[in-house]
Amino acid sequence: ALPMSPFASLLALLAATAAARAAHAPATGIRSQTPTLVENPTVQQSIFSSNTAMERDLQSMKVVLTEGDVPHSKDGDASTGNALLDFQTRDQYRSRSAAVPASFDCAMRKAAYEYGLKLLPRLKPFTALLDALDLRSDECRYPLNDDIRPEEEVQRRSMSAETFEYPGIEKDVSDAIFVAPDGDDGAVGTKEFPMRSVKAAADVAAQRGKPSVILRGGTHFLTSPIMLDATHSGLTFRSHVGESAVISGGAELSLEWAAHDVSGGKNVWVADVDEVDEVPGLQIDGKRLTRARYPNLPGGIEVSPGYGAMLGSGSAVWTPPQFARFGEPTYYTDTNASTSRPNNGWFEHYMIGMEGLCSVYDPPVSYWCSEHPSGGGAFAFRTPSGVSPRKGVLPHSPYAHPTDAIFFVWRPNRWANWMFEVSSYNASSNNYTFGRGGNQGARGENRGGDFFVENVFEELDSPGEFFFDPRTSKLYVWHNGTGAPPASASVVAPQLRTLLNVSASKWRPARDISMQGLAFKASRYTYMDAHGVPSAGDWALVRNGAVFLQGTENV
């Protein structure tokens, strides 16, 4: 016999309870007294084939796995969402047949509750099960300690921070392909001999007709995105029972720290990096650090500074747009009367502009590059071509490598924002000429609004900041603690933009692919990637993400 998961064991006991009660009740009363679990029929009645009464009652049970680690009600109501069992009505439950002795019925329910606590002690006092078994009634009450409040019973937790309990009956391990961080893609994919690559395991599962890919606990570092398509339809990816699996788009760094500047209250450490060529972000034991910037972020990158931590627009002189930078745009306006839409002169015709300053987009087209855009404050798209901060605004400048810098610039009035790399720097005028960028917002302006500068070594002046020098492959960290970062700490540099890509077509979609109990971490930023402008939108979009879906159904 296969070992059963805690939830499977609990279901078995509850089914036995129902069966025992059924043996003392008229057949017509069984269904109205049978507890049912919320939707998604995955119960394997073969596990309980030794008891026909169990089988009959399990037919009415259904199991669901949602983003939490206990089943939820079908309507998602928070008041009932964590309940393991949902009786058809409390009145029906209480109207059990008089043929069942009350003492026997109460004892069976208490035994079921106690076994549930034994199977899942982390849910103690498990009030969802207590209420499902009607153990707060005057006729049959299970005593609870006064210091236990029902609302504290189960709190929904992040899958990334907790081990994962699969709330269903564990399938035969022969129905799954296993993956482990220390596995081998030449292995057969069993629990004892797991594979290493999630993608390779998915391919094998699809080829062999297996329904599941089970990830063992730990961090699964990716070197390329997990690419799925229609051939992977029907697959379920999940953490192994009682374990927490993380899918990471980063590279784990093996570092030996040396003191760089630990005088005068500073705590800056340095290490050589061999694994990667760039460090666009950094995580130490899962916590993100801030790339060296000015002004600083007092609460770190995870805490919004609101309207603070920025330099005002008037603290710099903005270089006007270079309208001839990409040549002249090409205009198109649909003047067909049949498609005209009278609207007081606004948005009456479909119109676009191509190339010109819209060459920063992919594709190089936008309504805001058209010949006569309309709307409040409408004019053709443009962005400033550089900036000269006023004297003293950047107190640590001039910088040794000014072209390392990235300027983050709000459009005036914070309507949208732009990011610019620096193509050149003029020391005599203190002017930074912008290079790539300016494609993140669709509405332009001649000048910038509030701004800050990032990725400059001289701005490494605050706890929790880091800087990576690509010329020397050295990583500098102002450790927010005593001494160097712990040798045991996990240091991860995000590398991949996309961790999971499920792409198919309208004609042959990828269907019914499920990710359960998995955490996705350490994808790198995309704000300097290609952006496009949808319709007449005021913002541009990057068509990418840590999880990318296209041509899918029920994923």
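**Entry 1: the pairing**

Numbering the bonded cysteines of the chain in sequence order, what is the pairing? I got 1-2, 3-4.

Before going on, I noted that this is a predicted model, where local features need pLDDT of at least 70, side-chain atom pairs count only at pLDDT 80 or more, and totals for chains, interfaces and linings use all residues. Residues are numbered from 1 along each chain as its sequence is written, and side-chain values use heavy atoms, with hydrogens and water left out.

I took a disulfide to be a pair of cysteine sulfur atoms within 2.5 Å. That rule gave me two disulfides.

**Entry 2: Cys106 and Cys140**

I looked up this pair and found a disulfide with the sulfur atoms 1.9 Å apart. The torsion about its S-S bond is about 80°, so I wrote it down as right-handed. Cys106 sits in helix α5 (residues 102-119) and Cys140 in the loop between α6 (127-132) and β1 (176-179), so the bond ties together parts 34 residues apart in sequence. Helices here are DSSP runs of H or I with at least four residues, strands are runs of E with at least two, and they are numbered from the N terminus.

Buried or exposed? Cys106 and Cys140 are both buried, meaning under 20% relative accessible area (1.4 Å probe, protein chains only).

**Entry 3: Cys358 and Cys369**

Here I found the sulfur atoms 1.7 Å apart, again forming a disulfide. With a torsion of about 90° about the S-S bond, the disulfide of Cys358 and Cys369 is right-handed. Cys358 lies in the loop between β16 (351-355) and β17 (365-366), and Cys369 in the loop between β17 and β18 (386-389), so parts 11 residues apart in sequence are tied together.

I checked burial too: Cys358 has 0% relative accessibility, so it counts as buried. Cys369, at 6%, also counts as buried.

Conventions. Buried means under 20% relative accessible area, exposed over 50%, partly exposed in between (1.4 Å probe, protein chains only).
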